[in-house]
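Colleague: I am new to this structure and would like to know what lies behind the terms used for it. Could we go through them one by one?

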Amino acid sequence: MASNELAVSATGLIKRFGDRKVVDGVDISVPKGMIYGVLGPNGAGKTTTLRMLLGIIEPDDGERMLLGCNHPRDASDRVGYLPEERGLYPAMKAREAIAFLGALRGLDLRTGRKRAVGLLERVGLGYAVDMKIRKLSKGMAQLVQLLGSIVHQPELLVLDEPFSGLDPVNQERLEGLILAERDRGATILFSTHVMAHAERLCDRLAIIAGGKRRFEGTVDDARAMLPMRAHYMPRRDASDIAALLPEDAVRGPDGWRFAQPEEGTEALLARLLDAGHGISALSIERPGLHEAFVRIVGQVAQEHAPGEKTR
Amino acid sequence: MTRLRRIVRQTLTIARRDFTATVFAPTFLLFLFAPLITLSFGAIGGVGASVASSSTDKSRIIAIVAPADAPGFARADDELRDIFRDGEQPPELRIDRPKADPARQAHATFAAKDVDARAALYGSLERPTILYDGTGTRSADYLAAVAERTLRDRAGSETSLSVPVKRSVQRTTGISSGGKHQAAFFGVFGIFLLTIILAGQTVGTMAEERSNKVIEVLAAAVPLESVFLGKLLGMLGMAIVFVVFWGTLVSNVGVLLPAEVGRALHEIGPAVGFPTYAVLFFVYFTMAYMLLGAVFLGVGAQASTMREIQMLSLPITIVEVAMFGLSSIGASSPDSWVATFAEIFPFSSPFAMAARAANSPEIWPHAAAIAWQLLWVTIVIFISARAFRRGVLQSGNARWFSRRKDVTQTD
């Protein structure tokens with residue numbers, strides 16, 4: 001993909017904190033206009049990667065480009081950022097806080113204040129325009145900060161764990177805001193370890209674990225890494241049925257579950273029918289992102305089992 | 001938008017936020033009027049101490065003279081006492097009538113419990129004997145002078161041996177050499193006082209950002225150098241409000257001063273003239289504030305708790321006092337190597353150059369000094385931001401080294 005079609009590109013990003021290599025050669029390419037997720041378990045290096053991309057910290061090695069600029073600072077006014085650790089001045093009013101965050105990114109205060117009112121009303125916080133941040137609940141303050149990161153209508157919006165600490169209603173509001181930003185033409189890059197959000201929102205995603213990128217592609221690509229799963233419920237259950245099923249078959253309260261055999265399900269079904277077990281229910285399901293994530297991250301965990309150093 | 005314009009805009013955005021957050025907070029009024037509260041307590045304490053002092057001061061000089069000499073002696077004491085300023089006058093005079101043994105009577109006054117005799121005179125006024133204790137030498141001299149005056153008054157009656165004609169003159173040079181030194185000291189002290197009150201405030205300003213986690217948002221949007229400079233300018237704005245408020249108040253107090261004080265102050269003045277000195281004083285206060293404030297801000301930014309910040313207040317005060325001491329020595333001896341060192345050493349330079357403006361009329365050294373001090377403000381902010389980036393944000397500078405390496409390789 002041509003570099004001018006990428007909102008973010010990074011190759012071989014490395015970051016060490018002391019002797020510990022927190023990010024170890026991560027590559028990321030985020031096409032413009034997409035919602036891109038960076039997934040990974042706690043401590044995977046997601047936040048450090050985002051901070052390097054934004055220029056908050058300098059990488060020890062590697063190259064990065066943000067909205068066509070070699071140094072992230074040069075694109076500062078076209079970027080919005082919601083950090084993992086939320087931070088606002090408690091004595092500021094909601095409208096002023098949003099306008100201030102916009103002003104840091106080049107929006108004049110008067111326009112910022114005007115837009116802040118509209119944005120607050122859009123997320124149902126119109127009544128909180130003149131409320132001080134210290135009077136708002138944690139979730140409300142988090143929404144205010146998110147509004148502060150989009151008030152200047154950035155081309156790229158970077159959100160670090162945006163859903164953490166939000167109740168389901170506010171999570172839905174936030175999803176709506178993210179989709180609206182994408183529809184406006186912005187590129188969204190967000191990190192999360194909650195698969196449901198990634199599955200619903202991401203056009204593409206990267207999975208980072210142990211400081212390295214382990215996967216890059218669409219949600220479907222990730223799910224396709226695992227074989228299809230079969231869920232079979234026999235009409236007549238008997239003790240000899242296990243011998244006919246694949247080795248990984250596991251019996252649950254609602255039937256048997258196993259990976260679809262490589263030769264397909266037809267031969268298996270024929271054997272089961274011949275043996276007289278019949279079919280009460282049968283479904284072939286594609287595994288979810290959650291399963292793909294667990295498998296990828298689980299492999300990394302095994303690689304980094306005790307006795308093996310990450311340095 | 002150019003990078004420089006963006007940096008200026010971001011710096012001013014942060015400065016504006018800090019200024020309004022500080023000045024429009026109710027606690028700022030308390031801060032603004034704190035000196036008034038201190039002065040009020042000081043005044044009340046001073047009056048109390050004065051009253052207590054006058055009521056408890058039992059020092060006396062004793063004159064054991066014949067009743068015939070007593071009125072003349074008392075009159076001579078009144079006349080001579082007028083020469084002394086308040087606070088410098090000899091102890092109060094008590095005239096005793098002589099008893100059978102005046103010598104014993106005089107000695108007995110030093111053992112009396114109701115007064116503390118400093119000196120006692122007895123015998124004839126022509127040949128008086130004066131006793132005095134360890135602290136009464138000057139009191140003894142004074143009693144001798146009163147006796148002399150009494151006799152002269154008695155002998156010459158109406159005619160004085162010397163009849164002076166007193167005329168007030170205006171000094172042609174306007175300001176005396178001592179007046180310049182005094183102006184230099186006042187300048188150094190004024191900047192020191194304002195700096196010690198105001199610059200220490202910067203030490204905790206980054207703590208707010210760190211505790212609120214706002215620093216992450218700022219660091220993502222704005223170069224840390226701009227964050228530091230913006231915070232420094234915001235606090236400087238607050239300091240200027242303080243200085244203007246108190247400056248206006250103090251300058252108007254001059255109208256209320258007695259005429260003699262005004263005349264005495266007329267002799268004190270800077271060599272560069274008052275208008276230029278006022279400008280230089282303001283500039284050097286700004287520079288002292290920026291320099292020391294930047295150091296304190298940088299050091300304070302490394303602290304992660306309020307306890308650590310409080311611990312820093314002592315070394316900060318020591319640094320400020322050291323700079324004041326260095327510059328004061330320079331102010332009192334303008335041509336010494338200490339003065340030159342204080343003028344060159346960046347952190348004492350604003351104080352010492354303010355003293356120089358009072359002692360010496362040349363202007364060009366001030367332009368050079370201001371440029372030198374500005375350079376050091378930049379250096380300190382740069383170092384502070386770098387230390388913060390490394391120590392707090394844990395962002396190394398390997399890229400800087402690799403760039404240098406690349407350049408070397410290209411070459």
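Colleague: Which domains is chain A divided into?

Modeller: The model is predicted. Chain A is divided into domain 1 (1-67 + 155-226 + 288-311), domain 2 (86-151) and domain 3 (227-285). Taken over C-alpha atoms, the centres of domain 1 of chain A and domain 3 of chain A are separated by 37 Å. For chain B the assignment gives domain 1 (60-156) and domain 2 (175-404), with C-alpha centres 55 Å apart.

Colleague: How many residues does each chain bring to the contact between the chains?

Modeller: Chain A brings 26 residues and chain B brings 25 residues. On the side of chain A that touches chain B, helix H2 (residues 94-104) of chain A gives the most, with 4 residues. That side has 15 nonpolar, 3 polar and 8 charged residues.

Colleague: What makes E2 and E4 of chain A edge strands?

Modeller: They belong to an open sheet of 3 strands with the order E2-E1-E4 (chain A) and antiparallel pairing. Strand E2 (20-31) and strand E4 (61-66) of chain A each have a single partner strand, so one side of each has no neighbour in the sheet. From one strand to the next the twist averages 15°.

Colleague: How do you know that E1(A) pairs with E2(A)?

Modeller: Pairing needs at least two bridges, and 9 bridges join strand E1 (residues 6-17) of chain A to E2(A). The two strands run antiparallel. A:Ser9, for example, stands opposite A:Ser29 in E2(A). Helix H1 (residues 46-54) of chain A lies across E1, E2 and E4 of chain A, at about 120° to E1(A).

Colleague: What is the strand order of the open sheet in chain B?

Modeller: The order of its 4 strands is E2-E1-E3-E4 (chain B), with mixed pairing. Strand E2 (92-96) and strand E4 (129-132) of chain B are the edge strands, as each pairs on one side only.

Colleague: What makes E3(B) and E4(B) a pair?

Modeller: Again at least two bridges are required, and strand E3 (residues 116-122) of chain B is joined to E4(B) by 4 bridges, the strands running antiparallel. B:Ala120 stands opposite B:Leu131 in E4(B). Helix H5 (residues 102-109) of chain B packs on this sheet and touches strand E1 (59-64), E3 and E4 of chain B. The direction of H5 makes about 165° with that of E3(B).

Colleague: Why are H12(B) and H16(B) called roughly parallel?

Modeller: The axes of helix H12 (residues 274-302) of chain B and helix H16 (residues 364-391) of chain B cross at roughly 15° and come within 9 Å. Angles under 35 degrees count as roughly parallel, and therefore H12(B) and H16(B) are described that way. Their crossing is left-handed. The contact includes B:Leu280 and B:Met287 of H12(B), and B:Trp376 and B:Phe388 of H16(B). Its residues divide into 17 nonpolar, 6 polar and no charged.

Colleague: Why is H14(B) called oblique to H15(B)?

Modeller: Helix H14 (residues 337-344) of chain B and helix H15 (residues 349-359) of chain B pack at about 125°, with axes 6 Å apart. That makes H14(B) oblique to H15(B), given that roughly perpendicular covers 65 to 115 degrees and roughly antiparallel starts over 145. H14(B) passes H15(B) in a left-handed crossing. Among the residues in contact are B:Ala339 and B:Glu343 of H14(B) and B:Met353 and B:Arg356 of H15(B). By class, the contact has 5 nonpolar, 1 polar and 2 charged residues.

Definitions and conventions
Residues are numbered from 1 along each chain as its sequence is written. Chains are lettered from A and ligands numbered from 1 in the order in which they are written. This is a predicted model: local features need pLDDT of at least 70, side-chain atom pairs count only at pLDDT 80 or more; totals for chains, interfaces and linings use all residues. Axes are lines fitted to C-alpha atoms, for helices over the stretch in contact, and angles run from 0 to 180 degrees between N-to-C directions. A crossing is left-handed if the near helix is turned anticlockwise from the far one by less than a right angle, and right-handed if clockwise. Two residues are in contact if their C-beta atoms, placed from the backbone, lie within 7 Å. Ala, Val, Leu, Ile, Met, Phe, Trp, Tyr, Cys and Pro count as nonpolar, Asp, Glu, Lys and Arg as charged, and the others, Gly among them, as polar. Domain bounds come from an automatic or database domain assignment.
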